[in-house]
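Look at the aromatic rings in the structure below. How do they pair up, and which charged group joins them?

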Amino acid sequence: QVQLVESGGGLVQVGGSLRLSCAASGRTFSNYFMGWFRQTPGKEREFVATINLSGSVTNYADFVKGRFTISRDNAKNTVDLQMNSLKPEDTAVYYCAAKRSYFVKEPDYWGQGTQVTVSS
C-alpha cells in the first residue's frame with residue numbers, strides 16, 4: 001500500500017500562485033510514477049500532470065502547459081505541483097496519484113485531495 005497526503009491548497013486570487021505538495025509513504029517512492037489530477041463537482045476527475053521515476057520526464061494536460069510544473073524529490077518522498085497564473089477554471093479538488101507504470105488515468109493509489117479555489 002502507498003499512502004498519499006496532499007497539502008498546500010487554499011484560496012488565491014486570479015493570476016496568483018500556489019504550490020501543492022504530496023507526501024508518500026508505505027512503499028519505495030522511487031518505484032512509482034506520480035501524478036496530479038483534479039475534479040470539480042459534477043465532472044469526472046481529470047489528468048493534470050505526471051512525472052517519471054527519476055523526475056526527468058514530465059507530461060501535462062494542455063490546459064496547464066506553461067503554467068504548472070510537476071516535480072519530485074525521491075529523497076523526501078514528495079511530489080509537488082507549482083501552479084502559476086491561476087485562473088478561476090483551475091478551481092477544483094486536486095488529487096495526488098501513484099502507479100508502478102506510466103499513466104494518465106487509473107492510478108493504483110489516490111490521496112484524499114486538497115481544495116484549490118481561485119477567486120476573481
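The count comes to 6 aromatic pairs. Rings of Phe, Tyr and Trp (its six-membered ring) pair if their centres lie within 6.5 Å; planes under 30 degrees apart are stacked, over 60 edge-to-face, and the rest tilted. Two of the pairs are set out here.

| Pair | Centre to centre | Angle between planes | Type |
|---|---|---|---|
| Phe33 and Tyr102 | 6.4 Å | 80° | edge-to-face |
| Tyr95 and Trp110 | 6.1 Å | 80° | edge-to-face |

Phe33 lies in strand β4 (residues 33–39), while Tyr102 lies in the loop between β9 (92–99) and β10 (109–110), so their pair ties together parts 69 residues apart in sequence. Tyr95 is in strand β9 and Trp110 in strand β10, so this pair ties together parts 15 residues apart in sequence. Strands are DSSP runs (E, at least two residues), numbered from the N terminus.

This is a predicted model: local features need pLDDT of at least 70, side-chain atom pairs count only at pLDDT 80 or more, and totals for chains, interfaces and linings use all residues. Residues are numbered from 1 along each chain as its sequence is written, and side-chain values use heavy atoms, leaving out hydrogens and water.

Phe33 is buried at 15%, but Tyr102 is partly exposed at 47%. Tyr95 is buried at 12%, and Trp110 is partly exposed at 35%.

Ring pairs also link Phe37, Phe47, Tyr95, Phe103 and Trp110 into a cluster. The charged end of Arg45 sits over the ring of Tyr95, 3.5 Å from its centre. Arg45 also has its charged end over the ring of Trp110, 4.4 Å from the centre. A charge sits over a ring if NZ of Lys or CZ of Arg is within 6 Å of the ring centre and within 35 degrees of the ring normal.

Technical notes. Helix = DSSP H or I, 4+ residues; strand = E, 2+ residues; numbered from the N terminus. Buried < 20%, exposed > 50% of the residue type's maximum accessible area, 1.4 Å probe, protein only.
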